[in-house]
Amino acid sequence: MIQAIETRYAGCRFRSRLEARWAVFFETLGIPWEYEPQGYMVNGTPYLPDFLVYPNTEFAFWLEIKGVFPSEDELAKARGLAEGSGIPAYVYWAKLEPPAPDFALTDSTYHGSPINRYAWTNESGWRSYYAKLPPPWQLELTPTSFRFNPSGKAEKAESGFWWWTDCPHCGRALIKLNGQVGWCPSFDGRNSNSRPGAWPGKTWPVNGTYPRFAHRTQRLLAAYTAARSARFEHGESGA
Ligand SMILES: [Zn+2]
């Protein structure tokens, strides 16, 4: 059995280069993060998740980094973590690069017609739960991550288009579906029908066109580049 060499960065000893590169990504964007802050017993098995991002805030989420498509066992652990800790968990398996090209889509093109339930559930590709496939523009894309919610509502693990998105309203880089600019906590209180932490009623919070993507801002592209090109100890530039 071979053993990976630890990578040191920002005072942490990472188990893999890929994890250290994601830490560079966070640092470049000014995102607060902790590495392996807490181990848990999940379904009777010890589990030490990789990152807690935006710790101690309402935006907190677990981020498990995988170099390859995750196993059923790894997904089950992440699900248990989300449900047990009350904090959403992502199992991010895509490459550390911008996940998609720029888009200029209309509302109907963005959604397709009708909106379907679909998922990329394994390495062989799409699994459609209904007859229709995803919108054509999405078929060319590769999902990035599984997401598990504390509520555990998803009956099946689904890998979706969870992209780092640069919110133009609050300046936070968060993981959003399709890199879509949408609800932002900074909108709380701006609408009479809003309450803290809630979608502000039927008032679409984003002025301007919809859909609106923010997965390729200058800031995000610079962070991807910095993360991929970071050099660690011994001057190595390994993957
Ligand atoms: Zn925001």
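Reader: Which residues of strand β11 point one way and which the other, and are they buried or exposed?
Author: In this predicted model, S145 and R147 point one way from strand β11 (residues 145-148), F146 and F148 point the other way, and all are buried. A residue is buried if 20 or more other C-beta atoms lie within 10 Å of its own, exposed if 12 or fewer, and partly exposed in between, with C-beta atoms placed from the backbone. Strands (E, at least two residues) and helices (H or I, at least four) are DSSP runs, numbered from the N terminus.

Reader: Before going on, what should I know about numbering and confidence cut-offs?
Author: Residues are numbered from 1 along each chain as its sequence is written. Since the model is predicted, local features need pLDDT of at least 70 and side-chain atom pairs count only at pLDDT 80 or more, while totals for chains, interfaces and linings use all residues.

Reader: Back to β11, then: which strands are joined to it by bridges?
Author: Strand β8 (residues 89-92) is joined to β11 by four bridges, and the two run antiparallel; within that pairing, A89 has F148 as its bridge partner. Two bridges join β11 to strand β12 (residues 159-160), again antiparallel, and there S145 is partnered by G160. Two strands pair if DSSP finds at least two bridges between them.

Reader: And how many bridges join β13 to β14?
Author: Five bridges join β13 (residues 162-166) to β14 (residues 173-177), which run antiparallel, and W164 is partnered by I175 of β14. Six residues lie between the strands of this hairpin, where G171 takes a positive phi near 80°.

Reader: Where do A10 and N178 lie, and is each buried or exposed?
Author: A10 lies in the loop between β1 (7-9) and β2 (12-14), and A10 is exposed because 12 other C-beta atoms lie within 10 Å. N178 lies in the loop between β14 and α5 (218-229), and N178 is buried because 22 other C-beta atoms lie within 10 Å.

Reader: Switching to helices, how far does α1 reach from its first C-alpha to its last?
Author: Helix α1 (residues 17-29) has 13 residues and reaches 19 Å, close to the 18 Å expected at 1.5 Å a residue, where the expected span is 1.5 Å times one less than the number of residues. Eleven of the 13 residues of α1 are buried, among them W22, F25 and L29. The helix is followed by G30, whose phi is positive, near 70°.

Reader: How do the axes of α1 and α5 cross?
Author: The axes of α1 and α5 come within 8 Å and cross at roughly 145°, with axes being lines fitted to C-alpha atoms over the stretch in contact and angles running from 0 to 180 degrees between N-to-C directions. The contact is made by residues including W22 and F25 of α1 and A223 and Y224 of α5, where two residues are in contact if their C-beta atoms, placed from the backbone, lie within 7 Å.

Reader: Last one: how many helices and strands does the protein chain have?
Author: The secondary structure of the protein chain comes to five helices and 14 strands, and of the chain's 239 residues, 28% count as buried.
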